[in-house]
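Please consult the sequence and the structure while reading.

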Amino acid sequence: GKSHSYQMIRYLQERRGGFKIIWVDMAKLVASAAGDELRPEELGQALADQMNIAESIPPHSSEQDARWVQRFCNWLTGRLAGGGTLYWIVLDSFDKTLIPTGVHDLIRELAVRVESNLGRVRLILLGYKEQDKQDLPAEVFGGLEEETLSPITGSALDQELIHFFSELYTQRRQRSAQDFTPADIANSVAQVKRAVDSTSARYLVLLSQAVIQESRRILPAGV
């Protein structure tokens, strides 16, 4: 399934908008490679397909991978020049597979282009291994940000919801003199958790919607 970090990105997209996600599960792409190992042009094709610009992707003949990577990135830079769409390229599941050298070359060059002349593109690498990060070109480190995200599930989710609904019930008591009990808080937490499928790719969006709905029930507009 899609990683928790990807769910967070989807949540941001649905809440904020303004960008298009280009998502590739690297483990699945490696598993479906046409030959013995994943080729850089297969990753390039996967990106171009989702950007709807695949009709003229540079072919890869007998040239070295490094040369094709440069041609592809030159083509992509020119193809996206002047466009108004902001792309977030999300390459997922690096921690679940091994990536061939030629594909790493493409990822590194994409990082360089994003830092230099692909101003409408963001590159997000999920599960990227520490040793691979060290191999990124020095010129990209100025714009590199790293974050570790943990799933909001189980007891951590319970604690967050308990705190949130405690505050909400307290606000209701202050406004309407309507008291509450710990059982009211527990029921609200249970209601939210029943409404959300934790395995869904839209988990964070569904969680947010469930919390909003329960909040409106507790503290309707005008109270």
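Q: How do α3 and α4 lie relative to each other, roughly parallel or roughly antiparallel?
A: Helices here are DSSP runs of H or I with at least four residues, strands are runs of E with at least two, and both are numbered from the N terminus. The axes of α3 (residues 40–51) and α4 (residues 65–80) come within 10 Å and cross at roughly 10 degrees; axes are lines fitted to C-alpha atoms, for helices over the stretch in contact, with angles from 0 to 180 degrees between N-to-C directions. Angles under 35 degrees count as roughly parallel, over 145 as roughly antiparallel, 65 to 115 as roughly perpendicular and the rest as oblique. The two helices, α3 and α4, are therefore roughly parallel.

Q: What kind of model is this?
A: Residues are numbered from 1 along each chain as its sequence is written, and side-chain values use heavy atoms, with hydrogens and water left out. Local features need pLDDT of at least 70, side-chain atom pairs count only at pLDDT 80 or more, and totals for chains, interfaces and linings use all residues, since this is a predicted model.

Q: How many nonpolar residues take part in the contact of α3 with α4?
A: Pro40, Glu41, Gly44, Ala48 and Met51 of α3 meet Asp65, Trp68, Val69, Phe72, Trp75, Leu76 and Leu80 of α4, where contact means heavy atoms within 4.5 Å. Ala, Val, Leu, Ile, Met, Phe, Trp, Tyr, Cys and Pro count as nonpolar, Asp, Glu, Lys and Arg as charged, and the others, Gly among them, as polar. Besides one polar and two charged residues, the contact has nonpolar residues numbering nine.

Q: Is Asn52 buried or exposed?
A: Asn52 lies in the loop between α3 and α4, and its phi is near 60 degrees, a positive value in a residue other than glycine. Buried means under 20% relative accessible area, exposed over 50%, and partly exposed in between (1.4 Å probe, protein chains only). At 59% relative accessibility, Asn52 counts as exposed.

Q: Is Ser93 buried or exposed?
A: Ser93 is placed in the loop between β2 (87–92) and α5 (101–116). Although Ser93 is not a glycine, its phi is positive, at about 70 degrees. With 3% relative accessibility, Ser93 counts as buried.

Q: Where do the buried residues of α8 lie around the axis?
A: In α8 (residues 182–194), the buried residues are Ile185, Ser188, Val189 and Val192. Seen down the axis, they fall within an arc of 100 degrees, an arc taken from the directions from the helix axis to the C-beta atoms. An α-helix has 3.6 residues a turn, so residues three or four places apart point the same way. The buried residues of α8 thus line one face of the helix.

Q: Which helices do the buried residues of α8 pack against?
A: In α7, Leu157, Leu161, Phe165, Leu168, Tyr169 and Arg172 are buried, and what covers them includes α8 and α9. The buried residues of α8, in turn, pack against α7 (154–176) and α9 (203–218).

Q: How far apart are the end C-alpha atoms of α7?
A: The expected span of a helix is 1.5 Å times one less than its number of residues. For the 23 residues of α7 this gives 33 Å, and the distance between the end C-alpha atoms agrees, at 33 Å.
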